[in-house]
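Me: Please take a close look at one part of this model. I would like a connected account of what sits there and how the neighbouring pieces meet.

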Amino acid sequence: MTDPRRIQVPVLTRVEGEGALDLRIRDGEIEKLQLRIFEPPRLFEKLLEGRPWSDVIDIVARICGICPVAYQMTAAQALEEIFGVTVEPAIAELRRAMYFAEWIESHALHIHLLAAPDFLGFDSVTAMAEQYPDEVRRGLHLQGLGNRLLALLGGRSVHPVSVCVGGFTRLPERRELNALLEEYREALPLAEALLAWTATLKLPDMTQDFPAVALRHPQVYPIEAGRIVSSEGLDIDAAAFPEHFREAQVAYSNALHCHLHDRPYLVGPLARLNLNRDRLPPPVAAVLERTGITFPSANPFHGIVARAVEILLAFHEVIRLLENWRAPERSRVPFTVRGGVGHGCTEAPRGILWHRYALDEAGMVRAATITPPTSQNQARIEEDLRQALPRFGLERPDAELRAFAEQVIRNYDPCISCATHFLRLQVERAP
Amino acid sequence: MSAKPRIAVHKFASCDGCQLAFLNAGEDLLTLAELVEIVHFPEAGPLDPAAKVDLAFVEGSVSTPEEAERIRAIRRHSRVLATLGACATAGGLQALRNFANAGEWLAGVYATPETVAALDTATPIREHVKVDFELWGCPVNGEQVLQAVRDVLFGVSPAIPDEKVCLDCKRRGNPCVLVTRGEPCMGPVTRTGCGALCPAMNRGCYACFGPAENPNTAAFANRLEGLGLLPDEVARRYHFITSQAPAFRAAGKKEAKDETP
Ligand code: SF4
Ligand code: SF4
């Protein structure tokens, strides 16, 4: 028996939050592989307890600066279930458009600032910009358009302030929408070019077997509503989530691992597209078809292409939703506060996000449970690495192995800030 | 070797939202990368936490023993050190644990011996090292951040506005949330920097930029109680995102105390 070779990636770069990878290889095999998340716990589920329902939307946004709208929409859904509120169709449309704006911002950020430098051999977007100025500028422009719609509808793009139970605090004016929609229409060819470009990236070729989990809606591509389905036939509503999905603790990480029927599974753009390809609007499906890449795909690296598909889809959907949008009479419907339990499940940029709240009669939070996408993908990321690294070649030099492992992890766009907020932790008192 | 000024962006307990002031800056990010050398900014790629820099931005509050060590090392390597947003400047939401009966908050949760150690408080950077200037907001205002970088590059110390949200509200011609809607709004005690964003969106301010200069927190607490808020409701307004700013910490504690006989 030879001495083991230890490879560490002490700090993962170009991911949101703080994580690391420990890998131990002995006799040509992986002996230990641990994705450690050491993002400090911020205990959101605990700090929600005892706060009034009216603080929830502002609080949960702060779990993640990259996808605050996902948290706000999911919480609004759960609270509206408790209060028996049904929002008006025009409000649902506006929320859907706002949520797509966040996908544009988050996906464009991931593709250009975090992932593409890997495939093209750079260590940052600013380095990549010297050789690929047009591609980088196109990406930043699309990202900016997502941010501007968020700011129009929510006041600002990070932690917007307008989403409330029953609707919005303020509705946009027609002329504000028109000005931005014009730019969205002009951006369609750019989003198409982006999709074509991601398909030309030299993506590692690899197939893996994994269950995919996503929402599914009877008519449209899922984002703010739908049932939870899997590639293996699961079909449940949000309330049934705990019966099928289990969070398990692992000692080396500050995030829990979530399993579906005791197996790792995939959530996020690739899982969504694999399960909802038939919900793409025809113009998006046509552009995708021209790339020659087919979905469902078993290659995890096709995640970046799926993200580009969803950016193009988001532009089409925003235009469709807002082109003829008419403000409803009231920006929010009235309701009476009451106690109860409510669930929310929506498609955050990185995959399904599940919330459950229990309120007392006065509307104070008794208990909150939040299961973000990254904790769901964590077990899948480890499983991917266990398969991908031997195929890449464990005998390769450390630096190569490390770079490839980072690329595999980054491909999931892990949002480590999100993943830790429900940590069970051990406390050490300050001296 | 480049002679460009060197910049670092460090992360502590946070949501990553303030770093987006750079990552969402679009063209300005590319311009910045030409003007300065970004030597440490893990989310964007560069990793060199021990590098000597001219200007270090710190996002997040100190909530683990490792972070308490790390911030001291960063201070030693940084000529100018600035906080980036409410977490670093005033604790952020995670600092609400500072008011909790620590045992009570943590007793009900499962603990595994191997998990990372956490302090039972989350504290602003200022309580650990000397800070040269502080940017407020949850998140920071991106314009303010880029202006601060320019100021430091020109050798002037950034002027951070500390007047009240109310003044910006008047300038924008927003109807007053307190007066016309009779809803609580923290504008009269909160520092501007957002341009009175919430009142412009028809809702009350929740003080994400922290206290303004000379906030009359006691008189304002009475005003809120006049609207029908109970003392503990007033306390929760001070103890929210910027609870570790001394003026708000004290004001909230006073209200919470008034309530217990
Ligand atoms: S201040 Fe707010 S936006 Fe900034 S890191 Fe903290 S929680 Fe996020
Ligand atoms: S109005 Fe208040 S809560 Fe709203 S953004 Fe400004 S400081 Fe923050």
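**The ligand site and the domain contact beside it**

Reply: The shell around ligand 1 holds six nonpolar, five polar and three charged residues. Here Ala, Val, Leu, Ile, Met, Phe, Trp, Tyr, Cys and Pro count as nonpolar, Asp, Glu, Lys and Arg as charged, and the others, Gly among them, as polar. This is a predicted model: local features need pLDDT of at least 70, side-chain atom pairs count only at pLDDT 80 or more, and totals for chains, interfaces and linings use all residues. Residues are numbered from 1 along each chain as its sequence is written, chains are lettered from A and ligands numbered from 1 in the order written, and side-chain values use heavy atoms, without hydrogens and water.

In total, 14 residues surround ligand 1 (a heavy atom within 4 Å). The closest are Cys15(B), Cys18(B), Ala86(B), Cys87(B) and Cys138(B). Chains A and B both supply residues, so the site is shared between chains.

Now the domains. Chain B is assigned domain 1 (6-153) and domain 2 (165-259); the bounds come from an automatic or database domain assignment. Between these domains, about 1300 Å² is buried, 63% of it from carbon and sulfur atoms (accessible area, 1.4 Å probe, that two parts lose on being put together, summed over both). In domain 1 of chain B, Phe99(B), Trp136(B) and Cys138(B) lose the most area to domain 2 of chain B, together 41% of what that side buries.

The count between the two domains is one salt bridge (a side-chain nitrogen of Lys or Arg within 4 Å of a carboxyl oxygen of Asp or Glu).
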